[in-house]
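Here are a few friendly notes to read alongside the structure. Please keep the view open as you go through the points.

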Amino acid sequence: MRDNATTAQLQDLDAAHHLHPFTNARDLNARGARVITRGDGIYLHDSEGNKILDGMSGLWCVSVGHGREDIIAPIADQMRELTYYNTFFNTTHPSVARLGALLTEVTPPQFTHFHFTGSGSEANDTIFRMVRYYWSLLGKPERTIFIGRRNGYHGSTVAAASLGGFAGMHKQGGLPIPGVYHAPAPSWWADGGDLSPAEFGLKIARETLALIDGIGADRVAAMIGEPIMGAGGVIIPPETYWPALTSGLKDRGILFISDEVICGFGRTGEWFGCEYMGTEPDFLTMAKGITSGYVPMGAVAVSDRVASVLLEKGGEFFHGFTYSGHPAACAAALANITILRDEGLVDRVKTDIGPYLQEKWRALADHPMVGEAVMVGLIGAIQLTSNKETRADFPEVASVGLSARDFALENGLVMRAVGDRLIIAPPFTMTHAEADELIDTTRKVIDLTYDRARRMGLIH
Ligand SMILES: *Cc1c(COP(=O)(O)O)cnc(C)c1O
């Protein structure tokens with residue numbers, strides 16, 4: 001939809017009426033929101049005529065790129081045929097029935113049943129209730145406790161934000177709700193000290209299991225984790241971490257939920273992050289990449305072990321959303337997953353564009369300000385530091401990460417800053433030339449940030 005208003009007019013309307021998510025409204029309104037008007041492949045265009053490389057795939061979701069007719073047309077066809085009907089009360093529709101079957105093909109073998117939601121947050125709130133229902137059906141209603149992780153992100157609804165480990169979110173609104181505990185994150189850069197990554201991964205796994213044993217393992221219902229923490233700063237855990245942790249969970253009979261909202265649908269070069277990490281979850285949380293963001297959708301994959309209990313012992317599960325299995329979202333997911341599969345995009349991440357970008361990205365670690373430059377598939381981070389040897393942080397007031405993010409935007413690249421970690425997750429369709437552009441701009445951004453930090457006397 002073309003809009004002929006000027007940037008300033010749109011910014012004024014926005015400042016007057018729009019309360020943004022995860023935004024300090026006063027700061028935003030003082031400078032005015034950037035108005036994005038068009039998306040095309042891996043590029044965004046703003047109202048001032050700037051072309052910007054979308055290094056974050058929107059918000060980790062636009063895996064196949066912006067503006068694809070082969071997703072838009074099926075959505076439009078679906079809308080003309082059946083715009084909306086619910087999936088409550090003994091009804092279904094063709095697209096939602098087909099989507100469950102397609103998800104069965106692409107998810108790990110233990111998953112053949114799916115529950116649909118409108119978002120990742122709703123999916124995690126659904127799992128929270130479903131897990132407790134499962135344990136009560138098995139005659140173990142005392143298994144109610146959930147284990148999340150500090151700096152994990154699982155969404156913004158009440159249960160999802162409680163499962164997540166963001167202190168700032170918890171402070172607002174009296175979270176977490178009772179019955180949720182947080183284990184340490186496997187952040188080697190921040191907390192690994194003198195340990196090797198492998199030793200550190202085992203240490204955090206052991207500490208997590210000790211936390212569980214302290215609570216009483218037979219009271220713990222489930223643990224949730226992202227294979228690679230996304231919003232927490234693209235924390236790629238040491239190889240030792242997930243195998244040691246999940247085998248300890250299995251020994252204790254505790255369910256494992258792999259939050260695949262970011263890692264799912266190819267981001268790591270495997271269809272799901274749990275496959276990359278070698279874990280066997282009981283639930284998958286899905287959203288974002290399931291539709292490449294074309295229409296909002298979330299889903300819960302329920303393992304046969306859990307589904308069989310719900311189906312055989314359970315009655316009606318009093319839970320659902322008006323838009324569970326919305327026809328337009330299902331059409332978008334069907335088209336998107338078919339593209340991922342038929343164009344071999346997951347394999348492209350694993351064997352072509354992933355390794356191509358990774359090699360150049362890791363080489364950025366030779367910069368004096370870069371402590372580590374890591375990437376799996378097409379999800380990566382650069383840690384900025386004032387001292388590579390001591391892994392020293394910059395003072396928070398210096399806003400080094402934020403200044404880098406702003407330099408990036410000024411130079412036509414969206415990346416995100418989490419503290420002083422710069423993170424990217426570009427679309428899978430990116431060409432080699434576009435990858436070169438991303439790397440060249442990133443190097444320029446780091447140089448500009450380094451100059452600023454030196455002028456501020458922050459480099460030792
Ligand atoms: C974004 C995200 C969510 C929440 O999804 P929404 O669709 O924003 O509710 C949950 N888990 C992870 C890992 C995410 O990145």
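1. A term to begin with: a polar contact is a pair of N or O atoms within 3.5 Å; within protein, one must be able to donate a hydrogen and the other to accept it, and residues adjacent in sequence count only if both atoms are side-chain atoms.

2. Some background on the model. It is a predicted model, in which local features need pLDDT of at least 70 and side-chain atom pairs count only at pLDDT 80 or more, while totals for chains, interfaces and linings use all residues. Residues are numbered from 1 along each chain as its sequence is written, and side-chain values use heavy atoms, with hydrogens and water left out.

3. Where is Ser 324 placed? Look in the loop between α13 (304–313) and α14 (327–342); helices (H or I, at least four residues) and strands (E, at least two) are DSSP runs, numbered from the N terminus. Ser 324 has a relative accessible area of 7%, so it is buried (under 20% relative accessible area, with a 1.4 Å probe and protein chains only). Leaving aside neighbours within four places in sequence, Ser 324 is in contact (heavy atoms within 4.5 Å) with Thr 87, Phe 116 and Thr 117.

4. Now turn to strand β10 (residues 298–303). Why can β10 be called largely enclosed by the rest of the structure? Because six of its six residues are buried. Gly 298, Val 300 and Val 302 point one way from β10, and Ala 299, Ala 301 and Ser 303 point the other way.

5. β10 has partners to look for; two strands pair if DSSP finds at least two bridges between them. Strand β4 (residues 111–117) runs antiparallel to β10 and is joined to it by six bridges, with His 115 opposite Val 300. Strand β9 (residues 283–286) also pairs with β10 in the antiparallel sense, over four bridges; there, Phe 283 has Val 302 as its bridge partner.

6. Finally, the ligand. The residues around it (those with a heavy atom within 4 Å) include Ser 119, His 154, Glu 226 and Asp 259. A polar side-chain atom of Lys 288 is 2.6 Å from an oxygen atom of the ligand, and a polar backbone atom of Gly 120 is 2.9 Å from a ligand oxygen atom. A nitrogen atom of the ligand lies 3.4 Å from a polar backbone atom of Tyr 153.

Methods:
Buried means under 20% relative accessible area, exposed over 50%, partly exposed in between (1.4 Å probe, protein chains only).
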